[in-house]
Amino acid sequence: MVHVSLIYCVEDDASIRELIGYALESQNFAVKTMADSHEFWQAMESEKPDLVLLDIMLPGESGLSILSRLRDQAAYKTLPVIMLTAKTSEFDIAKGLNEGADDYVKKPFGIVELTSRIHAVLRRCQARKEMPHILECGPIRMDEERHEVTVNGMACPLTVKEFELLRYMMINQNIVLTRERIMEAVWGFSYEGETRTIDMHIRSLRQKLGTNNRIIYTIRGVGYVLKN
C-alpha cells in the first residue's frame with residue numbers, strides 16, 4: 001500500500017489556507033488546515049502528521065512558539081516543519097532555523113515551490129530514518145532513536161539543530177565538509193546568513209563537548225571536519 005503523507009497547515013489567512021489545501025490534495029497529499037494554535041494542538045491529540053506547514057504570524061500563540069513546544073517534546077523532536085513567513089529579515093529566518101525548523105518559504109510563494117520543498121524535506125527525513133541508529137566517534141555516542149548523545153558515558157543535551165549537525169559530521173567522519181555542504185544537508189538550503197549560523201552552532205557544540213571538542217577541526221576558508 002502506498003503511504004499518503006499527511007500535511008498539517010496552520011495559517012490564519014483563509015484564502016491562503018484554502019489554496020494550500022486544494023493544491024496539496026491535487027498532489028496526492030492528505031491535508032488538514034487550521035487557523036490557529038488551538039485547532040493545531042487539538043488535531044495533534046488525535047493524529048500525528050508527516051509534516052507541518054507553520055505560519056510564523058498567528059493570532060494568539062505564534063508559529064515560533066508552536067515550533068519551540070514541538071521540539072521540547074520527544075515525540076515531535078524530528079517532526080518535519082516548514083515555516084511560512086511574510087518576514088524576510090535574516091534575524092527572523094535564523095530564529096526559525098535555530099528553533100529547529102527544517103525549511104522556510106517566503107510569502108508570496110508559488111505552489112510549485114512549496115510542493116518541491118515539501119518533497120525535499122520528506123526525502124531528507126526518510127533518508128535519516130534509513131541510516132544506522134547508533135553512531136560513534138571517539139568518546140561520543142549518538143542514539144538516533146532515543147535522540148540522545150553521550151560523551152564518555154555522560155549525557156550531553158543538544159538542541160535539534162546541534163543534534164542534526166553533529167549527526168551529519170559523525171556520518172562523514174574524517175571528511176572535510178564545506179559550509180555550503182553542511183548548510184544544504186542540515187538546513188536543506190542556503191541563505192545569506194549561513195556562515196554565521198553554522199559557526200554559531202559549531203561554537204555551541206564545542207562548548208557542550210567540553211575537553212573533547214578537539215575532535216572538531218576548523219579548516220580555514222573551507223569548513224569543518226570531525227576526526228576520531
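Me: Start with a single residue. In which strand is the place of Thr85?

Reply: The model is a predicted one. Thr85 belongs to strand S4, which covers residues 81–85.

Me: Is Thr85 buried or exposed?

Reply: Thr85 is buried, because its relative accessibility is 3% and the cut-off for buried is under 20%.

Me: Which residues does Thr85 touch, not counting those up to four places away in sequence?

Reply: They are Asp55, Ile56, Tyr104, Val105, Lys106 and Lys107. Take Lys107 next: it lies in the loop between S5 and H5. Among the contacts of Lys107, with neighbours within four places in sequence left aside, are Glu11, Ile16, Asp55 and Leu84, along with Thr85 and Ala86. Lys107 and Ile16 are 91 residues apart along the chain, and their C-alpha atoms are separated by 10.0 Å.

Me: How should I read the peptide bond from Lys107 to Pro108?

Reply: As a general rule, most peptide bonds are trans. The bond from Lys107 to Pro108 is cis, with omega near -10°. Pro108 is in the loop between strand S5 (103–106) and helix H5 (111–130).

Me: And backbone phi: which value does Asn152 have?

Reply: Most residues other than glycine have a negative phi. Asn152 is not a glycine, yet its phi is positive, about 55°. Its place is the loop between S8 and strand S9 (154–155). With a relative accessible area of 55%, Asn152 is exposed.

Asn174 is another case, with a positive phi near 70° in a residue other than glycine. Asn174 sits in the loop between H6 and strand S10 (177–178). The relative accessible area of Asn174 is 52%, so this residue counts as exposed, the cut-off being over 50%.

Me: How do I describe a pair of packed helices?

Reply: Two packed helices are described by the angle between their axes and the distance between the axes. For helix H2 (residues 37–46) and helix H3 (residues 63–71), the axes come within 11 Å and cross at roughly 25°. H2 is therefore roughly parallel to H3, since that term takes angles under 35 degrees. The crossing of H2 past H3 is right-handed.

Me: Which residues of H2 and H3 make the contact?

Reply: H2 contributes Ser37, Phe40, Trp41 and Met44, and H3 contributes Ile66, Arg69 and Leu70. By class, the residues in this contact of H2 with H3 are five nonpolar, one polar and one charged.

Me: At what angle do the axes of H6 and H7 cross?

Reply: They cross at roughly 120° and come within 10 Å. H6 is therefore oblique to H7. H6 passes H7 in a right-handed crossing. On the H6 side, Lys161, Glu164, Leu165 and Tyr168 take part, and they meet Arg181, Ile182, Ala185, Val186 and Trp187 in H7. The contact of H6 with H7 has six nonpolar residues, three charged ones and no polar ones.

Me: Which residues touch the most other members in the largest nonpolar core?

Reply: The general idea is a set of buried nonpolar residues joined through their side chains. This core has 28 residues, and Ile140, Val149, Leu166, Met169, Met170, Ile182 and Ile216 touch the most other members. The elements that each supply at least two residues of this core are strands S6 (134–137), S7 (140–143), S8 (148–151) and S12 (223–226), and helices H6 (160–171), H7 (179–187) and H8 (194–209). H6 gives the most to this core, six residues.

Me: What is Ile182 in contact with, leaving aside its neighbours within four places in sequence?

Reply: Ile182 is in contact with Leu165, Tyr168, Leu177, Trp187, Ile198 and Tyr224. Apart from this core lies another, of 22 residues, including Val52, Leu58, Tyr76 and Ala101.

Me: Last, where is Arg141, and is it buried or partly exposed?

Reply: Arg141 is in strand S7. At 37% relative accessibility, Arg141 counts as partly exposed. Beyond its neighbours within four places in sequence, Arg141 is in contact with Ile134, Leu135, Glu136, Glu148, Val149 and Thr150. Arg141 and Met170 are 29 residues apart in sequence, and 9.5 Å apart in space from C-alpha to C-alpha.

How values were computed
Residues are numbered from 1 along each chain as its sequence is written. This is a predicted model: local features need pLDDT of at least 70, side-chain atom pairs count only at pLDDT 80 or more; totals for chains, interfaces and linings use all residues. Side-chain values use heavy atoms; hydrogens and water are left out. A nonpolar core is a set of buried Ala, Val, Leu, Ile, Met, Phe, Trp, Tyr and Cys residues joined through side-chain atoms within 4.5 Å. Buried means under 20% relative accessible area, exposed over 50%, partly exposed in between (1.4 Å probe, protein chains only). Helices (H or I, at least four residues) and strands (E, at least two) are DSSP runs, numbered from the N terminus. Contact means heavy atoms within 4.5 Å. Axes are lines fitted to C-alpha atoms, for helices over the stretch in contact, and angles run from 0 to 180 degrees between N-to-C directions. Angles under 35 degrees count as roughly parallel, over 145 as roughly antiparallel, 65 to 115 as roughly perpendicular and the rest as oblique. A crossing is left-handed if the near helix is turned anticlockwise from the far one by less than a right angle, and right-handed if clockwise. Ala, Val, Leu, Ile, Met, Phe, Trp, Tyr, Cys and Pro count as nonpolar, Asp, Glu, Lys and Arg as charged, and the others, Gly among them, as polar.
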